[in-house]
Amino acid sequence: MKRSLIGSSWRRIGTLDAIPCRGARIVETDRGPVAVFRTGDDQVFALDDRCPRSGGPLSCGIVHGHQVTCPLHATEVCLETGEAIGQRVGRVLQHAVQVTEDREVYLAVSNEVPRPRAPS
Amino acid sequence: MRQLSKLPAQPKRWPWEAHEHEIVLDPDATVREVVSAPGTARVCTCNDVRKETIVDAVRSHDLKTVKQIGNHTSAATACHSCARVCKKLLDHELGRQPKEHQVVPVCSCTDMGHDEVRKKIQIERPCSLEDMMLRLRWRTADGCAQCRPALNYYMSMAFGQKYDDDPRSKVINERVHANIQRDGTYSVVPRMFGGVTTPSQLRALAEVAERFEVKAIKITGGQRIDLLGIRKELLPAIWGALNKAGFISGHAYAKSVRTVKTCVGTEWCRYGVQDSTSMGIDLEHIMWGTRTPHKVKLGVSGCRRNCAEATIKDVGIVAVDDGWDLYVGGASGTRVRAARFLCRVGRDHDVPEYSGAFIQLYREEGWYGERTAAFVERVGIRYVRERIVKDIAGRNLLFSRFMRNQKHDQVDPWASAAVDQVQEHFVPLSRLSKDLPS
(Lines give C-alpha, C1' and ligand atoms only; values in the text may rest on other atoms or scores of the structure.)
Protein backbone atom coordinates (compact mmCIF):
# COMPACT_ATOMS: atom_id res chain seq x y z
CA MET A 1 0.00 0.00 0.00
CA LYS A 2 1.27 3.45 -0.91
CA ARG A 3 1.67 5.73 2.03
CA SER A 4 3.60 8.97 2.14
CA LEU A 5 5.38 9.50 5.44
CA ILE A 6 7.53 12.43 4.29
CA GLY A 7 7.06 15.42 6.50
CA SER A 8 5.36 13.43 9.22
CA SER A 9 6.89 12.13 12.37
CA TRP A 10 5.96 9.84 15.23
CA ARG A 11 4.09 11.58 18.00
CA ARG A 12 2.98 10.07 21.28
CA ILE A 13 -0.81 10.26 21.63
CA GLY A 14 -1.49 8.34 24.84
CA THR A 15 -1.59 4.87 26.32
CA LEU A 16 -3.25 1.82 24.81
CA ASP A 17 -5.51 1.54 27.86
CA ALA A 18 -6.99 4.96 27.12
CA ILE A 19 -8.53 3.51 23.95
CA PRO A 20 -11.46 1.21 24.76
CA CYS A 21 -11.20 -2.34 23.43
CA ARG A 22 -13.38 -2.67 20.28
CA GLY A 23 -13.63 1.10 20.28
CA ALA A 24 -11.88 4.24 19.14
CA ARG A 25 -10.66 7.63 20.29
CA ILE A 26 -10.19 10.82 18.37
CA VAL A 27 -6.91 12.66 17.88
CA GLU A 28 -7.28 16.26 16.73
CA THR A 29 -4.73 17.07 14.04
CA ASP A 30 -4.09 19.85 11.54
CA ARG A 31 -5.79 17.79 8.86
CA GLY A 32 -8.88 17.22 10.99
CA PRO A 33 -9.86 14.46 13.38
CA VAL A 34 -8.06 11.11 13.10
CA ALA A 35 -9.78 8.04 14.56
CA VAL A 36 -7.52 5.62 16.44
CA PHE A 37 -9.12 2.19 16.73
CA ARG A 38 -8.33 -0.66 19.07
CA THR A 39 -9.64 -4.05 17.95
CA GLY A 40 -10.64 -7.10 19.99
CA ASP A 41 -7.20 -8.66 19.43
CA ASP A 42 -5.52 -5.48 20.74
CA GLN A 43 -4.25 -4.20 17.40
CA VAL A 44 -4.33 -0.48 16.73
CA PHE A 45 -5.27 1.26 13.48
CA ALA A 46 -5.63 4.92 12.54
CA LEU A 47 -7.84 6.37 9.82
CA ASP A 48 -9.17 9.79 8.91
CA ASP A 49 -12.42 10.14 10.85
CA ARG A 50 -14.44 10.45 7.65
CA CYS A 51 -16.42 7.63 6.11
CA PRO A 52 -15.75 7.48 2.34
CA ARG A 53 -19.48 7.24 1.67
CA SER A 54 -20.69 10.53 3.14
CA GLY A 55 -18.19 11.71 5.70
CA GLY A 56 -19.65 10.05 8.79
CA PRO A 57 -17.51 9.87 11.96
CA LEU A 58 -16.03 6.35 11.83
CA SER A 59 -14.76 6.72 15.40
CA CYS A 60 -18.40 6.44 16.54
CA GLY A 61 -18.99 3.14 14.72
CA ILE A 62 -19.08 -0.41 16.08
CA VAL A 63 -15.67 -2.12 15.78
CA HIS A 64 -15.77 -5.83 14.92
CA GLY A 65 -12.89 -7.95 13.65
CA HIS A 66 -10.65 -5.58 11.70
CA GLN A 67 -13.63 -3.56 10.50
CA VAL A 68 -15.68 -0.61 11.62
CA THR A 69 -19.30 0.03 10.68
CA CYS A 70 -20.06 3.70 10.00
CA PRO A 71 -22.84 5.02 12.26
CA LEU A 72 -24.56 6.92 9.45
CA HIS A 73 -25.35 4.33 6.75
CA ALA A 74 -23.73 1.13 8.10
CA THR A 75 -20.93 1.25 5.51
CA GLU A 76 -18.30 -1.29 6.56
CA VAL A 77 -14.75 0.04 6.37
CA CYS A 78 -11.71 -2.23 6.57
CA LEU A 79 -9.27 -0.96 9.21
CA GLU A 80 -6.31 -2.62 7.47
CA THR A 81 -6.77 -0.86 4.12
CA GLY A 82 -9.26 1.96 4.73
CA GLU A 83 -11.38 0.48 1.93
CA ALA A 84 -15.20 0.52 2.08
CA ILE A 85 -16.02 -3.16 1.77
CA GLY A 86 -17.83 -4.13 -1.42
CA GLN A 87 -18.98 -0.58 -2.14
CA ARG A 88 -17.55 1.62 -4.82
CA VAL A 89 -17.21 4.71 -2.67
CA GLY A 90 -13.43 4.76 -2.43
CA ARG A 91 -11.23 4.47 0.60
CA VAL A 92 -10.37 6.55 3.62
CA LEU A 93 -6.80 7.65 4.29
CA GLN A 94 -4.75 5.60 6.73
CA HIS A 95 -2.13 6.81 9.19
CA ALA A 96 0.77 4.86 10.63
CA VAL A 97 0.36 3.91 14.25
CA GLN A 98 2.60 1.94 16.61
CA VAL A 99 2.32 0.56 20.12
CA THR A 100 5.52 0.30 22.15
CA GLU A 101 6.31 -2.40 24.72
CA ASP A 102 5.19 -0.17 27.58
CA ARG A 103 1.78 0.24 25.85
CA GLU A 104 2.39 3.79 24.63
CA VAL A 105 0.68 4.63 21.34
CA TYR A 106 2.51 6.66 18.66
CA LEU A 107 0.91 8.16 15.60
CA ALA A 108 2.51 9.44 12.39
CA VAL A 109 0.00 11.63 10.64
CA SER A 110 0.23 11.22 6.89
CA ASN A 111 0.28 14.38 4.82
CA GLU A 112 -1.30 12.72 1.82
CA VAL A 113 -4.24 14.65 0.45
CA PRO A 114 -7.43 12.66 0.76
CA ARG A 115 -8.59 11.33 -2.58
CA PRO A 116 -11.82 12.83 -3.89
CA ARG A 117 -14.84 10.60 -3.58
CA ALA A 118 -15.32 8.15 -6.39
CA PRO A 119 -18.43 9.01 -8.40
CA SER A 120 -21.28 6.76 -7.28
CA MET B 1 -35.23 29.83 2.62
CA ARG B 2 -35.34 27.39 -0.25
CA GLN B 3 -36.21 28.91 -3.58
CA LEU B 4 -39.56 27.47 -4.44
CA SER B 5 -39.87 29.60 -7.54
CA LYS B 6 -37.07 27.72 -9.29
CA LEU B 7 -39.03 24.67 -10.32
CA PRO B 8 -37.20 22.21 -12.55
CA ALA B 9 -38.31 21.89 -16.14
CA GLN B 10 -41.18 19.48 -16.56
CA PRO B 11 -39.78 15.95 -16.67
CA LYS B 12 -40.78 13.53 -19.41
CA ARG B 13 -42.55 11.49 -16.80
CA TRP B 14 -43.76 12.79 -13.49
CA PRO B 15 -42.41 10.91 -10.48
CA TRP B 16 -45.80 9.42 -9.69
CA GLU B 17 -46.14 8.12 -13.25
CA ALA B 18 -42.87 6.29 -12.89
CA HIS B 19 -44.30 4.42 -9.93
CA GLU B 20 -47.65 3.73 -11.52
CA HIS B 21 -46.92 0.31 -12.96
CA GLU B 22 -44.07 -0.52 -10.69
CA ILE B 23 -44.07 -3.80 -8.84
CA VAL B 24 -42.77 -3.68 -5.29
CA LEU B 25 -41.90 -7.03 -3.77
CA ASP B 26 -43.49 -7.28 -0.36
CA PRO B 27 -41.21 -8.50 2.46
CA ASP B 28 -43.57 -11.48 2.79
CA ALA B 29 -43.57 -12.26 -0.96
CA THR B 30 -43.76 -15.98 -1.70
CA VAL B 31 -41.04 -17.83 -3.60
CA ARG B 32 -43.29 -17.87 -6.68
CA GLU B 33 -43.85 -14.14 -6.53
CA VAL B 34 -40.14 -13.47 -6.10
CA VAL B 35 -39.08 -15.74 -8.94
CA SER B 36 -41.76 -14.61 -11.39
CA ALA B 37 -41.42 -10.88 -10.68
CA PRO B 38 -39.94 -8.79 -13.54
CA GLY B 39 -36.38 -7.50 -13.27
CA THR B 40 -37.64 -3.98 -12.63
CA ALA B 41 -39.51 -5.04 -9.47
CA ARG B 42 -38.29 -3.17 -6.43
CA VAL B 43 -36.91 -5.38 -3.66
CA CYS B 44 -35.39 -2.83 -1.28
CA THR B 45 -37.55 0.25 -0.83
CA CYS B 46 -35.11 1.94 1.55
CA ASN B 47 -32.21 2.04 -0.90
CA ASP B 48 -34.25 1.65 -4.10
CA VAL B 49 -32.70 -1.61 -5.32
CA ARG B 50 -34.35 -3.59 -8.09
CA LYS B 51 -34.46 -7.34 -8.62
CA GLU B 52 -32.28 -7.16 -11.78
CA THR B 53 -29.55 -5.26 -9.89
CA ILE B 54 -29.39 -8.00 -7.27
CA VAL B 55 -29.49 -10.82 -9.82
CA ASP B 56 -26.71 -9.14 -11.86
CA ALA B 57 -24.56 -8.69 -8.75
CA VAL B 58 -25.06 -12.32 -7.67
CA ARG B 59 -24.07 -13.57 -11.14
CA SER B 60 -21.18 -11.25 -11.89
CA HIS B 61 -19.56 -11.27 -8.43
CA ASP B 62 -20.44 -14.87 -7.58
CA LEU B 63 -22.15 -13.84 -4.35
CA LYS B 64 -23.03 -16.45 -1.75
CA THR B 65 -24.70 -14.60 1.12
CA VAL B 66 -27.34 -11.92 1.73
CA LYS B 67 -24.67 -9.81 3.41
CA GLN B 68 -22.55 -9.86 0.25
CA ILE B 69 -25.63 -8.74 -1.70
CA GLY B 70 -25.89 -5.87 0.77
CA ASN B 71 -22.26 -4.92 0.30
CA HIS B 72 -22.58 -4.87 -3.49
CA THR B 73 -26.04 -3.39 -3.99
CA SER B 74 -26.86 -1.93 -0.52
CA ALA B 75 -30.12 -3.93 -0.53
CA ALA B 76 -31.22 -5.17 2.91
CA THR B 77 -28.78 -2.88 4.72
CA ALA B 78 -31.15 -0.26 6.10
CA CYS B 79 -34.30 -1.73 7.69
CA HIS B 80 -33.46 -5.35 6.74
CA SER B 81 -37.10 -6.16 6.00
CA CYS B 82 -36.27 -7.33 2.45
CA ALA B 83 -33.60 -9.76 3.68
CA ARG B 84 -35.99 -12.71 3.24
CA VAL B 85 -36.77 -11.71 -0.34
CA CYS B 86 -33.02 -11.40 -1.02
CA LYS B 87 -32.47 -14.86 0.47
CA LYS B 88 -35.16 -16.37 -1.78
CA LEU B 89 -33.63 -14.66 -4.83
CA LEU B 90 -30.16 -15.84 -3.85
CA ASP B 91 -31.26 -19.46 -3.30
CA HIS B 92 -33.01 -19.43 -6.67
CA GLU B 93 -29.94 -18.03 -8.43
CA LEU B 94 -27.63 -20.56 -6.78
CA GLY B 95 -29.89 -23.40 -7.91
CA ARG B 96 -31.07 -24.24 -4.40
CA GLN B 97 -34.73 -24.73 -3.60
CA PRO B 98 -35.79 -21.52 -1.81
CA LYS B 99 -37.75 -22.18 1.36
CA GLU B 100 -41.07 -20.43 1.99
CA HIS B 101 -40.66 -20.04 5.73
CA GLN B 102 -37.02 -19.86 6.53
CA VAL B 103 -35.38 -19.10 9.81
CA VAL B 104 -33.96 -15.61 9.51
CA PRO B 105 -30.44 -15.77 10.98
CA VAL B 106 -29.50 -13.02 13.42
CA CYS B 107 -26.75 -11.99 10.95
CA SER B 108 -24.18 -13.59 8.69
CA CYS B 109 -22.04 -14.64 11.70
CA THR B 110 -24.45 -17.50 12.43
CA ASP B 111 -27.25 -19.63 10.99
CA MET B 112 -29.25 -19.41 14.21
CA GLY B 113 -32.42 -17.38 14.40
CA HIS B 114 -33.27 -14.99 17.24
CA ASP B 115 -35.48 -17.45 19.16
CA GLU B 116 -32.81 -20.15 19.12
CA VAL B 117 -30.13 -17.71 20.32
CA ARG B 118 -32.35 -16.65 23.23
CA LYS B 119 -32.98 -20.26 24.21
CA LYS B 120 -29.27 -21.08 23.99
CA ILE B 121 -28.40 -18.15 26.29
CA GLN B 122 -30.70 -19.64 28.94
CA ILE B 123 -29.08 -23.06 28.61
CA GLU B 124 -25.42 -22.11 28.17
CA ARG B 125 -25.46 -19.11 30.55
CA PRO B 126 -22.39 -17.41 29.04
CA CYS B 127 -20.55 -14.82 31.10
CA SER B 128 -19.79 -12.35 28.31
CA LEU B 129 -20.58 -11.66 24.67
CA GLU B 130 -17.30 -13.19 23.50
CA ASP B 131 -17.87 -16.27 25.64
CA MET B 132 -21.32 -16.58 24.15
CA MET B 133 -20.08 -16.31 20.56
CA LEU B 134 -17.58 -19.05 21.33
CA ARG B 135 -20.20 -21.35 22.83
CA LEU B 136 -22.75 -20.69 20.12
CA ARG B 137 -20.07 -21.35 17.46
CA TRP B 138 -20.16 -17.88 15.91
CA ARG B 139 -18.20 -17.62 12.64
CA THR B 140 -16.49 -14.43 13.81
CA ALA B 141 -14.48 -13.77 16.98
CA ASP B 142 -16.37 -10.66 18.00
CA GLY B 143 -19.48 -10.61 15.83
CA CYS B 144 -20.58 -7.74 13.65
CA ALA B 145 -22.47 -4.46 13.90
CA GLN B 146 -25.75 -6.33 13.45
CA CYS B 147 -25.46 -9.14 15.99
CA ARG B 148 -23.51 -7.45 18.77
CA PRO B 149 -26.31 -5.02 19.78
CA ALA B 150 -28.84 -7.88 19.53
CA LEU B 151 -26.80 -10.23 21.72
CA ASN B 152 -26.13 -7.45 24.20
CA TYR B 153 -29.88 -6.91 24.51
CA TYR B 154 -30.63 -10.63 24.90
CA MET B 155 -27.93 -11.01 27.54
CA SER B 156 -29.23 -8.08 29.57
CA MET B 157 -32.79 -9.44 29.27
CA ALA B 158 -31.63 -12.89 30.42
CA PHE B 159 -29.44 -11.83 33.34
CA GLY B 160 -30.72 -8.37 34.22
CA GLN B 161 -28.56 -6.53 36.73
CA LYS B 162 -26.02 -9.36 36.84
CA TYR B 163 -24.94 -8.64 33.27
CA ASP B 164 -22.62 -5.70 32.61
CA ASP B 165 -24.04 -3.90 29.62
CA ASP B 166 -21.40 -3.62 26.88
CA PRO B 167 -21.24 -0.03 25.60
CA ARG B 168 -19.11 -1.23 22.66
CA SER B 169 -22.06 -3.29 21.46
CA LYS B 170 -24.40 -0.35 21.26
CA VAL B 171 -24.88 2.03 18.38
CA ILE B 172 -23.53 5.53 18.91
CA ASN B 173 -26.95 7.07 19.65
CA GLU B 174 -27.47 4.77 22.62
CA ARG B 175 -23.88 5.26 23.77
CA VAL B 176 -24.05 9.06 23.88
CA HIS B 177 -27.82 9.42 24.54
CA ALA B 178 -28.38 11.70 21.57
CA ASN B 179 -29.18 11.30 17.87
CA ILE B 180 -26.32 11.55 15.38
CA GLN B 181 -27.12 13.76 12.40
CA ARG B 182 -25.76 13.71 8.85
CA ASP B 183 -22.98 16.22 9.63
CA GLY B 184 -21.80 14.29 12.70
CA THR B 185 -23.43 16.68 15.18
CA TYR B 186 -26.17 15.52 17.53
CA SER B 187 -29.73 16.34 18.42
CA VAL B 188 -31.02 16.37 21.96
CA VAL B 189 -34.65 15.85 23.00
CA PRO B 190 -35.65 16.41 26.64
CA ARG B 191 -38.65 14.47 27.96
CA MET B 192 -41.94 16.33 28.10
CA PHE B 193 -44.41 13.98 29.66
CA GLY B 194 -47.47 13.60 27.47
CA GLY B 195 -46.23 16.40 25.23
CA VAL B 196 -47.35 18.98 27.80
CA THR B 197 -45.13 21.92 28.75
CA THR B 198 -45.22 25.15 30.77
CA PRO B 199 -43.96 28.71 30.22
CA SER B 200 -41.13 28.19 32.73
CA GLN B 201 -40.03 24.96 30.97
CA LEU B 202 -40.04 26.77 27.63
CA ARG B 203 -38.04 29.66 29.09
CA ALA B 204 -35.48 27.25 30.53
CA LEU B 205 -35.24 25.46 27.22
CA ALA B 206 -34.83 28.70 25.30
CA GLU B 207 -32.10 29.77 27.69
CA VAL B 208 -30.19 26.50 27.21
CA ALA B 209 -30.66 26.72 23.43
CA GLU B 210 -29.21 30.22 23.36
CA ARG B 211 -26.35 29.46 25.72
CA PHE B 212 -25.23 26.46 23.66
CA GLU B 213 -25.92 28.18 20.34
CA VAL B 214 -28.26 25.43 19.19
CA LYS B 215 -28.48 25.54 15.39
CA ALA B 216 -32.14 24.65 15.02
CA ILE B 217 -35.18 23.90 17.16
CA LYS B 218 -37.85 21.58 15.79
CA ILE B 219 -41.11 20.19 17.12
CA THR B 220 -40.94 16.43 16.58
CA GLY B 221 -43.66 14.07 15.38
CA GLY B 222 -44.00 12.80 18.94
CA GLN B 223 -44.84 16.25 20.37
CA ARG B 224 -41.38 17.00 21.75
CA ILE B 225 -38.83 19.76 21.24
CA ASP B 226 -35.67 18.78 19.40
CA LEU B 227 -32.45 20.80 19.79
CA LEU B 228 -30.27 20.21 16.73
CA GLY B 229 -26.67 20.74 15.67
CA ILE B 230 -24.90 20.08 18.98
CA ARG B 231 -21.25 19.04 18.89
CA LYS B 232 -20.44 15.77 20.64
CA GLU B 233 -18.07 17.25 23.20
CA LEU B 234 -20.81 19.66 24.35
CA LEU B 235 -23.35 16.89 25.07
CA PRO B 236 -22.51 16.32 28.78
CA ALA B 237 -22.65 20.07 29.41
CA ILE B 238 -26.02 20.51 27.73
CA TRP B 239 -27.45 17.53 29.65
CA GLY B 240 -26.23 19.08 32.87
CA ALA B 241 -27.91 22.36 31.98
CA LEU B 242 -31.17 20.60 31.02
CA ASN B 243 -31.03 18.45 34.18
CA LYS B 244 -30.63 21.57 36.25
CA ALA B 245 -33.70 23.05 34.57
CA GLY B 246 -35.66 19.95 35.62
CA PHE B 247 -35.57 17.92 32.40
CA ILE B 248 -34.60 14.27 32.00
CA SER B 249 -33.55 12.51 28.81
CA GLY B 250 -36.33 12.03 26.27
CA HIS B 251 -34.79 8.75 25.01
CA ALA B 252 -35.41 9.91 21.44
CA TYR B 253 -32.28 7.96 20.50
CA ALA B 254 -33.03 4.69 22.26
CA LYS B 255 -34.68 1.36 21.73
CA SER B 256 -37.06 2.19 24.53
CA VAL B 257 -40.35 3.97 25.18
CA ARG B 258 -39.94 7.22 23.31
CA THR B 259 -43.04 9.31 23.54
CA VAL B 260 -46.66 9.21 24.61
CA LYS B 261 -48.53 11.48 22.27
CA THR B 262 -51.77 12.89 23.65
CA CYS B 263 -54.63 15.20 22.76
CA VAL B 264 -56.24 17.69 25.15
CA GLY B 265 -59.10 15.32 26.08
CA THR B 266 -61.94 16.22 28.45
CA GLU B 267 -59.82 18.96 30.02
CA TRP B 268 -60.38 21.24 27.02
CA CYS B 269 -61.83 19.52 23.99
CA ARG B 270 -65.59 19.71 23.47
CA TYR B 271 -65.57 16.18 22.02
CA GLY B 272 -63.33 14.51 24.64
CA VAL B 273 -64.88 11.68 26.62
CA GLN B 274 -61.90 10.80 28.87
CA ASP B 275 -58.93 12.70 30.28
CA SER B 276 -56.44 11.48 27.69
CA THR B 277 -53.77 14.05 28.66
CA SER B 278 -53.50 12.84 32.27
CA MET B 279 -53.63 9.23 31.11
CA GLY B 280 -50.74 9.89 28.70
CA ILE B 281 -48.67 11.67 31.37
CA ASP B 282 -49.27 8.85 33.88
CA LEU B 283 -48.40 6.22 31.29
CA GLU B 284 -45.17 7.98 30.38
CA HIS B 285 -44.14 8.24 34.05
CA ILE B 286 -44.62 4.48 34.39
CA MET B 287 -43.05 3.47 31.05
CA TRP B 288 -40.03 5.71 30.49
CA GLY B 289 -36.58 4.12 30.56
CA THR B 290 -37.64 0.56 29.74
CA ARG B 291 -35.43 -1.35 27.32
CA THR B 292 -37.16 -2.86 24.30
CA PRO B 293 -36.12 -4.68 21.09
CA HIS B 294 -36.90 -1.53 19.08
CA LYS B 295 -38.39 1.89 19.72
CA VAL B 296 -41.89 2.00 21.22
CA LYS B 297 -44.27 4.91 20.72
CA LEU B 298 -47.59 5.36 22.44
CA GLY B 299 -50.60 7.53 21.74
CA VAL B 300 -53.65 8.39 23.81
CA SER B 301 -56.70 9.96 22.17
CA GLY B 302 -59.61 11.42 24.12
CA CYS B 303 -62.27 10.35 21.63
CA ARG B 304 -62.92 8.41 18.43
CA ARG B 305 -61.63 11.31 16.29
CA ASN B 306 -58.22 10.16 17.41
CA CYS B 307 -56.18 13.37 17.17
CA ALA B 308 -53.20 11.67 18.86
CA GLU B 309 -53.06 9.20 15.93
CA ALA B 310 -53.11 6.35 18.46
CA THR B 311 -53.97 3.69 15.87
CA ILE B 312 -50.58 3.94 14.15
CA LYS B 313 -48.66 3.64 17.43
CA ASP B 314 -47.05 0.59 19.02
CA VAL B 315 -49.57 0.94 21.82
CA GLY B 316 -52.61 3.04 21.01
CA ILE B 317 -55.30 4.03 23.49
CA VAL B 318 -58.56 5.56 22.35
CA ALA B 319 -61.16 6.82 24.81
CA VAL B 320 -64.74 5.61 24.55
CA ASP B 321 -67.73 6.62 26.71
CA ASP B 322 -67.33 3.77 29.18
CA GLY B 323 -63.57 3.27 29.16
CA TRP B 324 -60.66 2.86 26.77
CA ASP B 325 -60.04 0.84 23.60
CA LEU B 326 -56.53 -0.59 23.45
CA TYR B 327 -54.68 -1.18 20.19
CA VAL B 328 -51.25 -2.73 19.63
CA GLY B 329 -48.73 -3.13 16.82
CA GLY B 330 -49.30 0.00 14.77
CA ALA B 331 -46.53 1.71 12.83
CA SER B 332 -46.10 4.56 10.40
CA GLY B 333 -42.52 4.05 9.23
CA THR B 334 -41.26 2.15 6.20
CA ARG B 335 -44.56 0.30 6.03
CA VAL B 336 -47.72 1.82 7.49
CA ARG B 337 -49.66 -0.60 9.62
CA ALA B 338 -52.85 0.11 11.53
CA ALA B 339 -52.65 -1.08 15.12
CA ARG B 340 -54.74 -4.19 15.88
CA PHE B 341 -57.60 -3.95 18.37
CA LEU B 342 -56.64 -5.72 21.60
CA CYS B 343 -59.59 -5.16 23.93
CA ARG B 344 -61.74 -2.59 25.70
CA VAL B 345 -61.04 -1.85 29.36
CA GLY B 346 -63.35 -0.10 31.80
CA ARG B 347 -61.12 1.12 34.60
CA ASP B 348 -58.36 3.71 34.24
CA HIS B 349 -55.77 1.59 36.03
CA ASP B 350 -56.32 -1.23 33.53
CA VAL B 351 -54.66 0.89 30.83
CA PRO B 352 -51.08 0.90 32.25
CA GLU B 353 -51.51 -2.72 33.33
CA TYR B 354 -52.51 -4.05 29.90
CA SER B 355 -50.03 -1.77 28.06
CA GLY B 356 -47.19 -2.69 30.43
CA ALA B 357 -47.98 -6.39 30.09
CA PHE B 358 -47.92 -6.07 26.30
CA ILE B 359 -44.59 -4.21 26.34
CA GLN B 360 -43.18 -6.87 28.66
CA LEU B 361 -44.35 -9.62 26.27
CA TYR B 362 -42.63 -7.75 23.44
CA ARG B 363 -39.48 -7.34 25.57
CA GLU B 364 -39.38 -11.05 26.27
CA GLU B 365 -40.39 -12.47 22.90
CA GLY B 366 -39.73 -9.78 20.31
CA TRP B 367 -36.61 -10.04 18.16
CA TYR B 368 -34.02 -7.29 18.49
CA GLY B 369 -34.69 -4.72 15.77
CA GLU B 370 -38.27 -5.90 15.26
CA ARG B 371 -40.96 -3.26 15.79
CA THR B 372 -44.16 -4.28 17.59
CA ALA B 373 -45.95 -4.17 14.22
CA ALA B 374 -43.74 -6.96 12.86
CA PHE B 375 -43.86 -8.76 16.21
CA VAL B 376 -47.67 -8.80 16.31
CA GLU B 377 -47.77 -9.90 12.66
CA ARG B 378 -45.34 -12.72 13.40
CA VAL B 379 -46.96 -14.15 16.53
CA GLY B 380 -50.54 -13.20 15.53
CA ILE B 381 -52.98 -10.89 17.33
CA ARG B 382 -54.83 -13.97 18.66
CA TYR B 383 -51.75 -15.04 20.58
CA VAL B 384 -51.33 -11.52 22.00
CA ARG B 385 -55.02 -11.50 23.10
CA GLU B 386 -54.55 -14.94 24.64
CA ARG B 387 -51.60 -13.75 26.71
CA ILE B 388 -52.80 -10.27 27.64
CA VAL B 389 -56.59 -10.44 27.76
CA LYS B 390 -57.66 -14.05 28.44
CA ASP B 391 -54.85 -15.23 30.71
CA ILE B 392 -55.45 -12.95 33.69
CA ALA B 393 -52.81 -14.50 35.93
CA GLY B 394 -50.31 -14.39 33.06
CA ARG B 395 -51.02 -10.73 32.46
CA ASN B 396 -50.47 -9.92 36.12
CA LEU B 397 -47.17 -11.76 36.04
CA LEU B 398 -46.06 -9.96 32.89
CA PHE B 399 -46.97 -6.60 34.39
CA SER B 400 -45.25 -7.30 37.71
CA ARG B 401 -42.08 -8.36 35.86
CA PHE B 402 -42.30 -5.13 33.90
CA MET B 403 -42.65 -3.03 37.04
CA ARG B 404 -39.90 -4.87 38.89
CA ASN B 405 -37.56 -4.18 36.02
CA GLN B 406 -38.53 -0.51 35.85
CA LYS B 407 -36.98 -0.05 39.30
CA HIS B 408 -33.55 -0.58 37.71
CA ASP B 409 -34.24 0.82 34.25
CA GLN B 410 -35.61 4.19 35.27
CA VAL B 411 -32.24 5.87 35.61
CA ASP B 412 -31.80 9.14 33.76
CA PRO B 413 -28.69 8.71 31.55
CA TRP B 414 -28.24 12.47 31.57
CA ALA B 415 -27.76 12.60 35.34
CA SER B 416 -24.22 13.46 36.42
CA ALA B 417 -23.37 10.07 37.94
CA ALA B 418 -24.13 8.31 34.68
CA VAL B 419 -22.20 10.90 32.65
CA ASP B 420 -18.98 10.53 34.66
CA GLN B 421 -18.67 6.89 33.61
CA VAL B 422 -18.71 7.67 29.91
CA GLN B 423 -16.59 10.83 29.89
CA GLU B 424 -14.03 9.23 27.56
CA HIS B 425 -16.53 9.14 24.69
CA PHE B 426 -16.59 12.89 24.53
CA VAL B 427 -13.03 14.21 24.73
CA PRO B 428 -10.23 13.70 22.19
CA LEU B 429 -7.40 11.38 23.25
CA SER B 430 -4.87 13.99 22.22
CA ARG B 431 -4.49 17.20 20.22
CA LEU B 432 -1.59 17.35 17.78
CA SER B 433 -0.50 20.50 16.04
CA LYS B 434 2.47 21.23 13.81
CA ASP B 435 3.85 23.96 16.08
CA LEU B 436 3.93 21.76 19.16
CA PRO B 437 6.75 19.22 19.22
CA SER B 438 5.89 16.10 21.20
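A residue is called buried here if 20 or more other C-beta atoms lie within 10 Å of its own, exposed if 12 or fewer, and partly exposed in between, with C-beta atoms placed from the backbone. By that rule, buried residues make up 45% of the 120 residues in chain A. This is a predicted model: local features need pLDDT of at least 70, side-chain atom pairs count only at pLDDT 80 or more, and totals for chains, interfaces and linings use all residues. Residues are numbered from 1 along each chain as its sequence is written, while chains are lettered from A and ligands numbered from 1 in the order in which they are written.

**Stop 1: chain A**

Select chain A and colour by secondary structure. Chain A has 9 strands and 0 helices. Both element types are DSSP runs numbered from the N terminus: helices are H or I with at least four residues, strands are E with at least two. Now look at contacts, meaning residue pairs whose C-beta atoms, placed from the backbone, lie within 7 Å. Of the chain A contacts with a separation of 6 or more, 48% are between residues 24 or more positions apart.

**Stop 2: the sheet**

Show β1(A), β9(A), β8(A), β4(A), β3(A), β2(A) and β14(B), in that order. These 7 strands form an open sheet with mixed pairing; two strands pair if DSSP finds at least two bridges between them. At the edges stand β1 (10-15) of chain A and β14 (430-431) of chain B. Each has a single partner strand, so one side of each is left without a neighbour in the sheet.

Zoom in on β8 (residues 94-99) and β9 (residues 104-108) of chain A. They run antiparallel and are joined by 4 bridges. Pick A:V99; its bridge partner in β9(A) is A:V105.

Then move to the strand pair that spans both chains. Strand β2 (residues 23-29) of chain A runs parallel to β14(B), with 2 bridges. Select A:E28 and find its bridge partner, B:R431.

**Stop 3: the chain contact**

Display both chains. Here 26 residues of chain B are in contact with 31 residues of chain A. On the chain B side, α4 (66-73) and β14 are the elements that give two or more residues. The most come from α4(B), with 3 residues. That side divides into 9 nonpolar, 10 polar and 7 charged residues. Nonpolar covers Ala, Val, Leu, Ile, Met, Phe, Trp, Tyr, Cys and Pro; charged covers Asp, Glu, Lys and Arg; the others, Gly among them, are polar.

**Stop 4: the cores**

A nonpolar core is a set of buried Ala, Val, Leu, Ile, Met, Phe, Trp, Tyr and Cys residues joined through C-beta atoms within 7 Å. The largest has 73 residues, and A:A35, A:V36, A:F37, A:A46, A:L47 and A:L107 touch the most other members. Helix α8 (residues 147-159) of chain B gives this core its largest share, 6 residues. A second, separate core holds 42 residues, including B:C303, B:Y327, B:V376 and B:F399.

Center on A:A46. Beyond residues up to four places away in sequence, A:A46 touches A:V34, A:A35, A:V36, A:Q94, A:H95, A:V97 and A:L107.

**Stop 5: helix α15 of chain B**

Select residues 372-379 of chain B. The buried residues of this helix are B:T372, B:A373, B:A374, B:F375 and B:V376. After α15(B) comes B:G380, with a positive phi near 90 degrees.

**Stop 6: B:G39**

Finish in the loop between α2 (31-36) and β1 (42-44) of chain B, where B:G39 lies. B:G39 counts as exposed because it has 11 C-beta neighbours inside 10 Å. B:G39 touches B:R50, B:K51, B:E52 and B:V55, leaving out residues up to four places away in sequence. Draw a C-alpha to C-alpha distance from B:G39 to B:I54: the two are 9.2 Å apart in space and 15 residues apart in sequence.

Definitions and conventions:
Two residues are in contact if their C-beta atoms, placed from the backbone, lie within 7 Å.
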